[in-house]
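Subject: Handing over the two-chain model

Hello,

Here is the structure I promised to pass on to you. Have a look at it first, and then read on for what turned up.

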Amino acid sequence: MNLEVILFFIFGFVAAVAAVMMITRNNPVIAALYLILNMSSLAGLYLTLNAQFIAVAQVIVYAGAIMVLFLFVIMLLRPENEKKFLESNPKVKIFAFAVAGFVFIQLVYIIFFSSPSKILQKNLDASVKAGTIEAIGNELFKNYVLPFEAAGFLLLAATIGAILLAKKKIE
Amino acid sequence: MTITIEYYLILSAFMFLVGVAGVLTRRNAIVVFMSIELMLNSANLTLIAFASFMGSSVGQLFVFFVMTVAAAEAAVGLAIIIAIFRNKLTVNIDEINILKW
(Lines give C-alpha, C1' and ligand atoms only; values in the text may rest on other atoms or scores of the structure.)
Protein backbone atom coordinates (compact mmCIF):
# COMPACT_ATOMS: atom_id res chain seq x y z
CA MET A 1 0.00 0.00 0.00
CA ASN A 2 1.80 3.11 -1.10
CA LEU A 3 0.59 6.62 -0.57
CA GLU A 4 -0.99 6.97 -4.01
CA VAL A 5 -3.33 4.03 -3.42
CA ILE A 6 -4.40 5.29 -0.01
CA LEU A 7 -5.00 8.82 -1.28
CA PHE A 8 -6.94 7.55 -4.29
CA PHE A 9 -9.26 5.49 -2.14
CA ILE A 10 -9.81 8.26 0.41
CA PHE A 11 -10.51 10.98 -2.16
CA GLY A 12 -12.44 8.68 -4.49
CA PHE A 13 -14.67 7.45 -1.67
CA VAL A 14 -15.36 10.99 -0.46
CA ALA A 15 -16.11 12.15 -4.02
CA ALA A 16 -18.49 9.26 -4.73
CA VAL A 17 -20.33 9.54 -1.40
CA ALA A 18 -20.63 13.31 -1.71
CA ALA A 19 -22.07 12.94 -5.23
CA VAL A 20 -24.72 10.50 -4.03
CA MET A 21 -25.54 12.65 -1.01
CA MET A 22 -25.85 15.69 -3.27
CA ILE A 23 -28.63 14.27 -5.40
CA THR A 24 -30.57 12.79 -2.49
CA ARG A 25 -30.78 15.79 -0.11
CA ASN A 26 -34.06 17.71 -0.02
CA ASN A 27 -32.54 21.01 1.01
CA PRO A 28 -30.70 22.70 -1.89
CA VAL A 29 -28.19 24.43 0.42
CA ILE A 30 -27.02 21.08 1.81
CA ALA A 31 -26.85 19.71 -1.74
CA ALA A 32 -24.62 22.65 -2.73
CA LEU A 33 -22.34 22.03 0.26
CA TYR A 34 -21.98 18.36 -0.70
CA LEU A 35 -21.12 19.43 -4.24
CA ILE A 36 -18.35 21.64 -2.80
CA LEU A 37 -17.03 18.61 -0.87
CA ASN A 38 -17.11 16.56 -4.07
CA MET A 39 -15.18 19.21 -6.01
CA SER A 40 -12.57 19.62 -3.29
CA SER A 41 -11.88 15.90 -3.19
CA LEU A 42 -11.63 15.93 -6.99
CA ALA A 43 -8.94 18.60 -6.58
CA GLY A 44 -7.11 16.16 -4.30
CA LEU A 45 -7.38 13.47 -6.98
CA TYR A 46 -5.94 15.91 -9.53
CA LEU A 47 -2.99 16.45 -7.20
CA THR A 48 -2.32 12.71 -7.04
CA LEU A 49 -2.44 12.74 -10.86
CA ASN A 50 0.28 15.43 -10.90
CA ALA A 51 -2.00 18.13 -12.30
CA GLN A 52 -1.14 20.89 -9.84
CA PHE A 53 -2.38 23.85 -11.85
CA ILE A 54 -5.75 22.27 -12.59
CA ALA A 55 -6.13 21.26 -8.94
CA VAL A 56 -5.66 24.86 -7.81
CA ALA A 57 -7.95 26.13 -10.57
CA GLN A 58 -10.56 23.56 -9.54
CA VAL A 59 -10.60 24.85 -5.97
CA ILE A 60 -10.65 28.52 -7.00
CA VAL A 61 -13.03 28.37 -9.97
CA TYR A 62 -15.35 25.45 -9.19
CA ALA A 63 -15.45 25.08 -5.43
CA GLY A 64 -15.00 28.83 -5.01
CA ALA A 65 -16.54 31.02 -7.68
CA ILE A 66 -19.20 28.82 -9.27
CA MET A 67 -20.50 27.40 -6.01
CA VAL A 68 -20.67 30.86 -4.43
CA LEU A 69 -22.82 31.85 -7.41
CA PHE A 70 -25.08 28.86 -6.78
CA LEU A 71 -25.37 29.62 -3.06
CA PHE A 72 -26.18 33.25 -3.79
CA VAL A 73 -28.99 32.25 -6.15
CA ILE A 74 -30.33 29.80 -3.57
CA MET A 75 -30.23 32.61 -1.00
CA LEU A 76 -32.05 35.02 -3.33
CA LEU A 77 -34.77 32.62 -4.44
CA ARG A 78 -35.34 30.69 -1.19
CA PRO A 79 -36.69 27.61 -2.98
CA GLU A 80 -38.81 25.43 -0.73
CA ASN A 81 -37.49 21.98 0.14
CA GLU A 82 -38.50 19.21 -2.19
CA LYS A 83 -40.58 16.34 -0.93
CA LYS A 84 -38.86 13.27 0.47
CA PHE A 85 -36.95 11.53 -2.23
CA LEU A 86 -39.34 8.72 -3.17
CA GLU A 87 -42.56 10.47 -2.17
CA SER A 88 -43.47 12.12 -5.48
CA ASN A 89 -43.34 10.13 -8.75
CA PRO A 90 -41.59 7.08 -7.31
CA LYS A 91 -41.96 5.20 -10.61
CA VAL A 92 -40.12 7.85 -12.62
CA LYS A 93 -37.32 7.99 -10.06
CA ILE A 94 -36.88 4.22 -9.88
CA PHE A 95 -36.83 4.11 -13.68
CA ALA A 96 -34.19 6.85 -13.78
CA PHE A 97 -32.01 4.95 -11.32
CA ALA A 98 -32.47 1.73 -13.29
CA VAL A 99 -31.33 3.48 -16.47
CA ALA A 100 -28.33 5.03 -14.70
CA GLY A 101 -27.36 1.69 -13.13
CA PHE A 102 -27.67 -0.13 -16.43
CA VAL A 103 -25.47 2.39 -18.25
CA PHE A 104 -22.97 2.24 -15.38
CA ILE A 105 -22.70 -1.54 -15.69
CA GLN A 106 -22.21 -1.16 -19.44
CA LEU A 107 -19.46 1.40 -18.92
CA VAL A 108 -17.68 -0.77 -16.33
CA TYR A 109 -17.83 -3.70 -18.75
CA ILE A 110 -16.42 -1.58 -21.57
CA ILE A 111 -13.64 -0.16 -19.39
CA PHE A 112 -12.53 -3.61 -18.20
CA PHE A 113 -13.00 -5.20 -21.61
CA SER A 114 -10.84 -2.66 -23.41
CA SER A 115 -8.40 -2.43 -20.43
CA PRO A 116 -6.53 0.74 -21.44
CA SER A 117 -3.90 0.08 -18.76
CA LYS A 118 -2.28 -2.46 -21.11
CA ILE A 119 -1.19 0.43 -23.32
CA LEU A 120 -1.10 3.29 -20.83
CA GLN A 121 1.43 2.79 -18.09
CA LYS A 122 2.15 5.62 -15.74
CA ASN A 123 5.26 7.51 -16.78
CA LEU A 124 6.02 9.51 -13.67
CA ASP A 125 8.58 11.92 -15.12
CA ALA A 126 6.45 12.81 -18.13
CA SER A 127 3.31 13.30 -16.08
CA VAL A 128 5.08 15.49 -13.50
CA LYS A 129 6.49 17.58 -16.33
CA ALA A 130 3.15 17.85 -18.11
CA GLY A 131 1.28 19.10 -15.04
CA THR A 132 3.43 22.14 -14.31
CA ILE A 133 2.04 25.56 -15.10
CA GLU A 134 5.05 26.08 -17.35
CA ALA A 135 4.11 23.21 -19.67
CA ILE A 136 0.44 24.20 -19.73
CA GLY A 137 1.24 27.85 -20.45
CA ASN A 138 3.64 26.81 -23.17
CA GLU A 139 0.96 24.76 -24.87
CA LEU A 140 -1.76 27.33 -24.25
CA PHE A 141 0.01 30.36 -25.68
CA LYS A 142 1.68 28.55 -28.57
CA ASN A 143 -0.74 26.07 -30.07
CA TYR A 144 -4.07 27.00 -28.48
CA VAL A 145 -4.10 30.78 -28.62
CA LEU A 146 -7.27 30.97 -30.70
CA PRO A 147 -9.38 28.79 -28.34
CA PHE A 148 -7.97 30.83 -25.45
CA GLU A 149 -9.15 34.09 -27.02
CA ALA A 150 -12.48 32.48 -27.88
CA ALA A 151 -12.87 31.43 -24.23
CA GLY A 152 -12.21 35.01 -23.15
CA PHE A 153 -14.83 36.27 -25.58
CA LEU A 154 -17.27 33.62 -24.35
CA LEU A 155 -16.83 34.83 -20.77
CA LEU A 156 -17.48 38.43 -21.86
CA ALA A 157 -20.62 37.37 -23.75
CA ALA A 158 -21.81 35.32 -20.77
CA THR A 159 -21.29 38.27 -18.41
CA ILE A 160 -23.31 40.61 -20.63
CA GLY A 161 -25.97 37.94 -21.14
CA ALA A 162 -26.30 37.27 -17.42
CA ILE A 163 -26.68 40.99 -16.65
CA LEU A 164 -29.30 41.41 -19.38
CA LEU A 165 -31.27 38.34 -18.29
CA ALA A 166 -31.29 39.20 -14.61
CA LYS A 167 -32.25 42.85 -15.14
CA LYS A 168 -35.72 43.79 -14.02
CA LYS A 169 -37.04 45.08 -17.35
CA ILE A 170 -35.47 44.77 -20.78
CA GLU A 171 -36.25 47.98 -22.67
CA MET B 1 -1.06 -2.86 -5.94
CA THR B 2 -0.88 0.14 -8.19
CA ILE B 3 -3.60 2.49 -9.32
CA THR B 4 -4.20 1.94 -13.02
CA ILE B 5 -6.26 4.22 -15.22
CA GLU B 6 -9.33 1.98 -14.92
CA TYR B 7 -9.87 3.08 -11.33
CA TYR B 8 -10.14 6.71 -12.37
CA LEU B 9 -12.37 5.85 -15.32
CA ILE B 10 -14.77 3.87 -13.15
CA LEU B 11 -14.94 6.61 -10.52
CA SER B 12 -15.61 9.09 -13.30
CA ALA B 13 -18.32 6.88 -14.86
CA PHE B 14 -19.97 6.51 -11.45
CA MET B 15 -19.99 10.26 -10.85
CA PHE B 16 -21.33 10.92 -14.34
CA LEU B 17 -24.24 8.54 -13.86
CA VAL B 18 -25.01 9.93 -10.42
CA GLY B 19 -25.26 13.28 -12.21
CA VAL B 20 -27.55 11.76 -14.85
CA ALA B 21 -29.78 10.30 -12.13
CA GLY B 22 -29.84 13.71 -10.43
CA VAL B 23 -30.94 15.48 -13.61
CA LEU B 24 -33.66 12.88 -14.21
CA THR B 25 -35.07 12.74 -10.68
CA ARG B 26 -34.69 16.17 -9.08
CA ARG B 27 -37.41 18.79 -9.58
CA ASN B 28 -35.58 21.86 -8.29
CA ALA B 29 -34.01 23.69 -11.23
CA ILE B 30 -30.97 24.77 -9.19
CA VAL B 31 -30.23 21.21 -8.09
CA VAL B 32 -30.63 20.02 -11.69
CA PHE B 33 -28.01 22.61 -12.59
CA MET B 34 -25.68 21.34 -9.89
CA SER B 35 -26.06 17.81 -11.26
CA ILE B 36 -24.96 19.11 -14.65
CA GLU B 37 -21.87 20.58 -12.98
CA LEU B 38 -21.22 17.15 -11.45
CA MET B 39 -21.32 15.58 -14.92
CA LEU B 40 -18.89 18.20 -16.25
CA ASN B 41 -16.58 17.44 -13.33
CA SER B 42 -16.56 13.73 -14.03
CA ALA B 43 -15.65 14.42 -17.66
CA ASN B 44 -12.82 16.60 -16.36
CA LEU B 45 -11.57 13.73 -14.20
CA THR B 46 -11.40 11.47 -17.27
CA LEU B 47 -9.48 14.10 -19.23
CA ILE B 48 -6.99 14.65 -16.39
CA ALA B 49 -6.48 10.92 -15.86
CA PHE B 50 -5.70 10.32 -19.53
CA ALA B 51 -3.51 13.42 -19.74
CA SER B 52 -1.54 12.32 -16.70
CA PHE B 53 -1.11 8.72 -17.87
CA MET B 54 -0.09 9.82 -21.36
CA GLY B 55 2.26 12.49 -20.02
CA SER B 56 0.61 15.20 -22.11
CA SER B 57 -0.54 18.65 -21.04
CA VAL B 58 -3.16 19.08 -23.79
CA GLY B 59 -5.78 17.18 -21.79
CA GLN B 60 -5.24 19.51 -18.85
CA LEU B 61 -5.61 22.44 -21.22
CA PHE B 62 -8.99 21.16 -22.29
CA VAL B 63 -10.05 20.87 -18.65
CA PHE B 64 -9.15 24.54 -18.36
CA PHE B 65 -11.46 25.32 -21.29
CA VAL B 66 -14.22 23.15 -19.84
CA MET B 67 -13.96 25.16 -16.61
CA THR B 68 -14.34 28.39 -18.59
CA VAL B 69 -17.41 27.09 -20.38
CA ALA B 70 -18.86 25.80 -17.09
CA ALA B 71 -18.42 29.21 -15.48
CA ALA B 72 -20.15 30.93 -18.42
CA GLU B 73 -22.91 28.32 -18.41
CA ALA B 74 -23.50 28.67 -14.67
CA ALA B 75 -23.72 32.47 -14.91
CA VAL B 76 -26.18 32.49 -17.80
CA GLY B 77 -28.20 29.53 -16.51
CA LEU B 78 -28.64 31.01 -13.04
CA ALA B 79 -29.67 34.33 -14.60
CA ILE B 80 -32.31 32.45 -16.61
CA ILE B 81 -33.51 30.74 -13.42
CA ILE B 82 -33.81 34.14 -11.70
CA ALA B 83 -35.75 35.54 -14.68
CA ILE B 84 -38.13 32.54 -14.61
CA PHE B 85 -38.57 32.87 -10.86
CA ARG B 86 -39.55 36.51 -11.32
CA ASN B 87 -42.37 35.53 -13.68
CA LYS B 88 -43.62 32.23 -12.25
CA LEU B 89 -42.51 32.52 -8.57
CA THR B 90 -41.23 28.94 -8.62
CA VAL B 91 -38.12 26.99 -9.62
CA ASN B 92 -39.90 23.65 -9.74
CA ILE B 93 -39.40 22.36 -13.27
CA ASP B 94 -42.74 20.54 -13.21
CA GLU B 95 -44.56 23.86 -12.94
CA ILE B 96 -42.47 25.68 -15.56
CA ASN B 97 -44.25 24.68 -18.75
CA ILE B 98 -44.58 27.95 -20.68
CA LEU B 99 -43.27 26.34 -23.86
CA LYS B 100 -45.90 23.60 -23.71
CA TRP B 101 -49.28 24.00 -25.40
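Helices (H or I, at least four residues) and strands (E, at least two) are DSSP runs, numbered from the N terminus. Please keep in mind that this is a predicted model, in which local features need pLDDT of at least 70, side-chain atom pairs count only at pLDDT 80 or more, and totals for chains, interfaces and linings use all residues. Residues are numbered from 1 along each chain as its sequence is written, while chains are lettered from A and ligands numbered from 1 in the order in which they are written.

Let's begin with chain A. It has seven helices and zero strands, so the pattern along the sequence reads α-α-α-α-α-α-α. The radius of gyration of chain A (taken over C-alpha atoms) is 21 Å, well over the 16 Å that the globule rule (2.2 Å times the number of residues to the power 0.38) gives for 171 residues, so chain A is more spread out than a compact globule. Its C-alpha trace spans about 55 × 45 × 25 Å along the principal axes. Of the 171 residues in chain A, 25% are buried; a residue is buried if 20 or more other C-beta atoms lie within 10 Å of its own, exposed if 12 or fewer, and partly exposed in between, with C-beta atoms placed from the backbone.

As for confidence, pLDDT is the predictor's confidence in each residue, from 0 to 100. Chain A averages 88, and 95% of the residues score at least 70. Among the elements of chain A, helix 2 has the highest mean pLDDT (94) and helix 5 the lowest (83).

Chain B has three helices and zero strands, running α-α-α from the N terminus on. With a radius of gyration of 17 Å, well over the 13 Å from the globule rule for 101 residues, chain B is also more spread out than a compact globule. The C-alpha trace of chain B spans about 55 × 25 × 20 Å along its principal axes, and 53% of its 101 residues count as buried.

Helix 1 (residues 5-25) of chain B has 21 residues and reaches 30 Å from its first C-alpha to its last, close to the 30 Å expected. This helix 1 of chain B is mostly covered, with 16 of its 21 residues buried. Helix 3 of chain B, with 31 residues, should span 45 Å, and its end C-alpha atoms are 44 Å apart, which agrees.

How do the two chains meet? In all, 72 residues of chain A are in contact with 62 residues of chain B, where contact means that the C-beta atoms, placed from the backbone, lie within 7 Å. Several helices of chain A each supply at least two residues of the side that touches chain B, including helix 1 (3-24), helix 2 (28-48) and helix 7 (145-166). Helix 3 of chain A gives the largest share of that side, twelve residues. By class, the side of chain A that touches chain B has 57 nonpolar, ten polar and five charged residues; here Ala, Val, Leu, Ile, Met, Phe, Trp, Tyr, Cys and Pro count as nonpolar, Asp, Glu, Lys and Arg as charged, and the others, Gly among them, as polar.

The largest nonpolar core has 70 residues, and those with the most contacts inside it include A:Tyr46, A:Ile54 and B:Ile48. Such a core is a set of buried Ala, Val, Leu, Ile, Met, Phe, Trp, Tyr and Cys residues joined through C-beta atoms within 7 Å. Helix 2 of chain B gives the most to this core, with 13 residues. Not counting residues up to four places away in sequence, B:Ile48 touches A:Tyr46, A:Leu49, A:Ala51, A:Ile54, B:Gly59, B:Gln60 and B:Val63.

Finally, two backbone details. A:Asn50 sits in the loop between helix 2 and helix 3 of chain A, and its phi is near 65°, a positive value in a residue other than glycine. A:Asn50 counts as buried, with 22 C-beta neighbours inside 10 Å. B:Leu89 counts as exposed, with 9 C-beta neighbours inside 10 Å.

Enjoy exploring it!

Best wishes

Methods: Two residues are in contact if their C-beta atoms, placed from the backbone, lie within 7 Å. The expected span of a helix is 1.5 Å times one less than its number of residues.
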